[in-house]
Amino acid sequence: MDLTARHPRTGELLSTVKFMVQTLAAAGELQRDLQRELTYDGLRAAEAKGSKGGRRPAIKAAKAVAVRAAYLDGRSIAALAREHGVSRGAVRTAVADLLPEHTASVPENTPALELPVTLDMPGRVADFLRTAELDDVERAALDQGVTVRRGQGYTLRVTAVPAVHHRLLARCQPLDGAAAIPAQRKARREYVNRVNALGVETP
């Protein structure tokens, strides 16, 4: 179809041409929106499993231990960069918490700051917790969760610090008992795995 075809008398684009252009534009916008939504869902699923996005460090975890030990022994950042064939910035990243400007700014015995983490809570777990006795912080985290439909069920996307996730997990302990149905026990096991991926021992 010629998308530039015009009416011979009025000079306006043909109605069929307008329809095709609008349809193609709507299809392109739908494709873009779907791609964005799928990307966000994939990132959140990776975060829920404990995966970290971003660029991988130039110094792998196994080698970073040796680099940190050498730095504590007095080796300079420049020497370590030459020895391991990486940039000075990569070495500084590996020893960031050991640098003088970092250690000087953090008072002794200061507890580590917990940052909020988003986890997908199975719908059966969320349904149980809504009827359970929760404190104000736990209730607020649950109420502010975002419902995501999954087929016939759903998950509740909850954002809270790791300690609150662990407290919510402890509240749904009855779902692992004999009185619970298999689907509830399965949902709790899924939630246990997601909370454990935070790297803190489950209470």
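## Helix α9: exposed and buried faces

In helix α9, Pro182 and Asn193 are exposed and lie on the other side of the helix from a group of buried residues, namely Ala187, Arg188, Tyr191, Val192 and Val195. Here, buried denotes a relative accessible area under 20%, exposed one over 50%, and partly exposed a value in between, computed with a 1.4 Å probe on protein chains only. The structure is a predicted model, in which local features need pLDDT of at least 70 and side-chain atom pairs count only at pLDDT 80 or more, whereas totals for chains, interfaces and linings use all residues. Residues are numbered from 1 along each chain as its sequence is written, and side-chain values use heavy atoms, with hydrogens and water left out.

Helix α9 comprises residues 182–196, and its 15 residues should span 21 Å at 1.5 Å a residue, which agrees with the 21 Å between its end C-alpha atoms. The expected span of a helix is 1.5 Å times one less than its number of residues. Alanine 183 is also found in α9 and is partly exposed, with a relative accessible area of 30%.

## Overall organisation

The protein chain contains 9 helices and 3 strands, arranged along the sequence in the pattern α-α-α-α-α-β-α-α-β-β-α-α. These elements are DSSP runs numbered from the N terminus, helices being H or I with at least four residues and strands E with at least two.

Of the 203 residues in the protein chain, 27% are buried. Among contacts with a separation of 6 or more, 59% join residues 24 or more positions apart.

Helix α1 (residues 15–48) has 34 residues and reaches 49 Å from its first C-alpha to its last, close to the 50 Å expected at 1.5 Å a residue. Glycine 50 follows α1 and has a positive phi, near 95 degrees. A positive phi also occurs just after α3, where glycine 85 adopts a value of about 65 degrees. The buried residues of α3 (residues 77–84) are Ile77, Ala78, Ala79, Leu80 and Ala81.

Glycine 89 is located in helix α4 (residues 88–94). With 40% relative accessibility, glycine 89 counts as partly exposed. Its C-alpha lies 9.4 Å from that of alanine 58, a residue 31 positions away in sequence.

## The contact between α7 and α8

The axes of helix α7 (residues 136–143) and helix α8 (residues 162–171) come within 10 Å and cross at roughly 95 degrees. The two helices are therefore roughly perpendicular to each other. Axes are lines fitted to C-alpha atoms, for helices over the stretch in contact, and angles run from 0 to 180 degrees between N-to-C directions; angles under 35 degrees count as roughly parallel, over 145 as roughly antiparallel, 65 to 115 as roughly perpendicular and the rest as oblique.

Val137, Glu138 and Ala141 of α7 form the contact with Val164, Arg167, Leu168 and Arg171 of α8. The residues of this contact comprise 4 nonpolar, no polar and 3 charged. In this scheme Ala, Val, Leu, Ile, Met, Phe, Trp, Tyr, Cys and Pro are nonpolar, Asp, Glu, Lys and Arg are charged, and the others, Gly among them, are polar.

## The segment after α9

Alanine 197 is found in the segment after α9 and is partly exposed, with a relative accessible area of 33%. Leaving aside neighbours within four places in sequence, alanine 197 is in contact with Ala48, Lys49 and Gly50. Its C-alpha is 10.0 Å from that of leucine 119, which is 78 residues away in sequence.

Leucine 198 lies in the segment after α9 and is partly exposed, with a relative accessible area of 23%. Beyond its neighbours within four places in sequence, leucine 198 is in contact with Val117, Leu119, Pro162, His165 and His166. Leucine 198 and alanine 163, separated by 35 residues in sequence, are 9.9 Å apart in space, C-alpha to C-alpha.

Terms used: Contact means heavy atoms within 4.5 Å.
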